[in-house]
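Visitor: Hi, could you walk me through this model? I'd like to ask questions as we go.
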Amino acid sequence: MTHWFGLTAAQRVAEVEAAGLPAFRAGQISRHVFERHELDPADYTDLPLAMRELVAKRWFAPPLTLASELTADKGRTVKRAWRLHDGAVIESVLMRYLRRDTLCISSQAGCGMGCPFCATGQGGLQRNLTDVEILAQLADAEAALVSGSLPGKPGRVGNVVFMGMGEPLANYNAVMTAIGQIIEPVPNGWGISARGVTISTVGLVPAMVRLSAEGLPVTLALSLHAPDDELRDELVPVNKRFKVAEVLDAAWNYARVTKRRVSIEYALIRDVNDQAARADTLARELRKRGDWAWVHVNVIPLNPTPGSRWTASTAQSLTDFVARLERAHVPVTVRDTRGRDIDGACGQLAATVPPDELGT
Ligand code: SAH
Ligand code: SF4
């Protein structure tokens, strides 16, 4: 099924003409979608009624159906679970900040990487999302922000982070096609700055190398979580294939080629990876690859997930760990835990839809 989101500007014109409509209708439709964020052709009143119906049927079959919605942080965090046409469920999380809105989206239904501290990893991979399914999450958030249906002022998505369910670099082509549309200027795409797009990866080295060569200034985040192979083999099973040294080299190469500072994600787990010696090793591993301009560490207090034997570090260990990195001059920030009480924070997305909403 062809969806408007998945077509290039030229393909849209060709599609419109093939449907027997004049070419200028393509631009009209795109302005509704990408300028005004109207997703239902029934609202395109500058199109004749019969044409609205044809447009809806041909190019706007909804890729996602809302399965549930939860809000937290006084309405500033909204987690939506979506059902796909085959019944798979994915989630996206909108976080409203003072000056910008950030949308965290899924790239796969489930994830095959099996990181034991991550809820998504526990269910395995169901399937890759299509570019259209990835983009539909953004389209929905933009529509909600523009319509003013959310608490707070109407807004626009300024940042899109691939930190929801799935490993984006394991679904490379669909993710890259989606990013192409995300950064395509309005009215042919969403017109979001490439710098506002973040791909978070567990460290698939060949795909990181490929991404470096794309010439796209998107931000790369590497989920490292341990600076040594012995521990990382356990926390991030794919480390058995791509070792710490290789993933850090690939991250450094990304920074070198794109001139974009890479973000190193480090979920702090009590008595597992929060020791002073590990902070020192981390600092050393990063510093030996370049001066501090290439990298920045983002410490994430571990979010609780069902069945996990690990817990977050104490506040004191968190402070000590960060201070230790700072003493070594590592640029470091601590990630907030938005959405934690609705299982909407990092690593908590497992698409648990309340049974009554599953229609069972
Ligand atoms: N698969 C990609 C992107 C999705 S996960 C990746 O792993 O990078 C997004 C981020 O959440 C990653 O940095 C991941 O390591 C982190 N994460 C997973 N489980 C977590 C948890 N329980 N607490 C805190 N962060 C977690
Ligand atoms: Fe997959 Fe990322 Fe979770 Fe690991 S942390 S299981 S790569 S989603």
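Predicted model: local features only at pLDDT ≥ 70, side-chain atom pairs only at ≥ 80, totals over all residues.
Guide: Happy to; we'll talk through strands, cavities, a ligand and some backbone details.

Visitor: Good to know. Let's start with strand 3: is it buried or exposed?
Guide: Eight of its eight residues, 89–96, are buried, so strand 3 is largely enclosed by the rest of the structure.

Visitor: Which residues point which way from strand 3?
Guide: Val89, Glu91, Val93 and Met95 point one way, while Ile90, Ser92, Leu94 and Arg96 point the other way. Both sets are buried.

Visitor: And how does strand 2 run relative to strand 3, parallel or antiparallel?
Guide: Strand 2, residues 77–83, runs antiparallel to strand 3, and seven bridges join them. Within that pairing, lysine 79 stands opposite valine 93.

Visitor: What's in the turn of that hairpin?
Guide: There are five residues between strand 2 and strand 3, and glycine 87 takes a positive phi near 95° in this hairpin.

Visitor: How many bridges link strand 3 to strand 4?
Guide: Four, again in the antiparallel sense, with strand 4 covering residues 101–104. Leucine 94 faces leucine 103 in strand 4, and the hairpin joining strand 3 to strand 4 goes through four residues.

Visitor: Changing topic: how many cavities are there of 30 Å³ or more?
Guide: Two turn up in a search of the whole structure.

Visitor: Where does ligand 2 sit?
Guide: Ligand 2 takes up the space of the largest cavity. Around this ligand are Cys111, Met113, Gly114, Cys115, Cys118, Gly121, Gly166 and Val202. That shell has five nonpolar residues, three polar and no charged.

Visitor: You mentioned His225. What's its phi like?
Guide: Histidine 225 has a positive phi of about 70°, although it is not a glycine. Most residues other than glycine have a negative phi. Histidine 225 is in the loop between strand 9 (219–223) and helix 8 (229–235).

Visitor: Why does histidine 225 count as buried?
Guide: Because its relative accessible area is 6%, and buried means under 20%.

Visitor: What about aspartate 73's phi?
Guide: Aspartate 73 is not a glycine either, and has a positive phi of about 50°. This aspartate lies in the loop between strand 1 (65–72) and strand 2. Aspartate 73 is partly exposed, with a relative accessible area of 25%.

Visitor: Last one: which residues does a cis peptide bond join?
Guide: Valine 186 and proline 187, with omega about 10°. Most peptide bonds are trans. Proline 187 is in the loop between helix 6 (172–183) and strand 8.

Technical notes:
Residues numbered from 1 in each chain as written. Chains lettered and ligands numbered in written order. Heavy atoms only, no water. Buried < 20%, exposed > 50% of the residue type's maximum accessible area, 1.4 Å probe, protein only. Helix = DSSP H or I, 4+ residues; strand = E, 2+ residues; numbered from the N terminus. Pairing = 2+ DSSP bridges. Near = heavy atom within 4 Å. 1 Å grid on protein atoms, 1.4 Å probe; cavity = no way out; pocket = protein on both sides within 12 Å on 5 of 7 lines; lining within 4 Å. Sits in = over half its atoms within 2 Å of the grid points. Nonpolar A, V, L, I, M, F, W, Y, C, P; charged D, E, K, R; others polar. Points joined across faces, edges and corners; volume = space filled by probe spheres on them.
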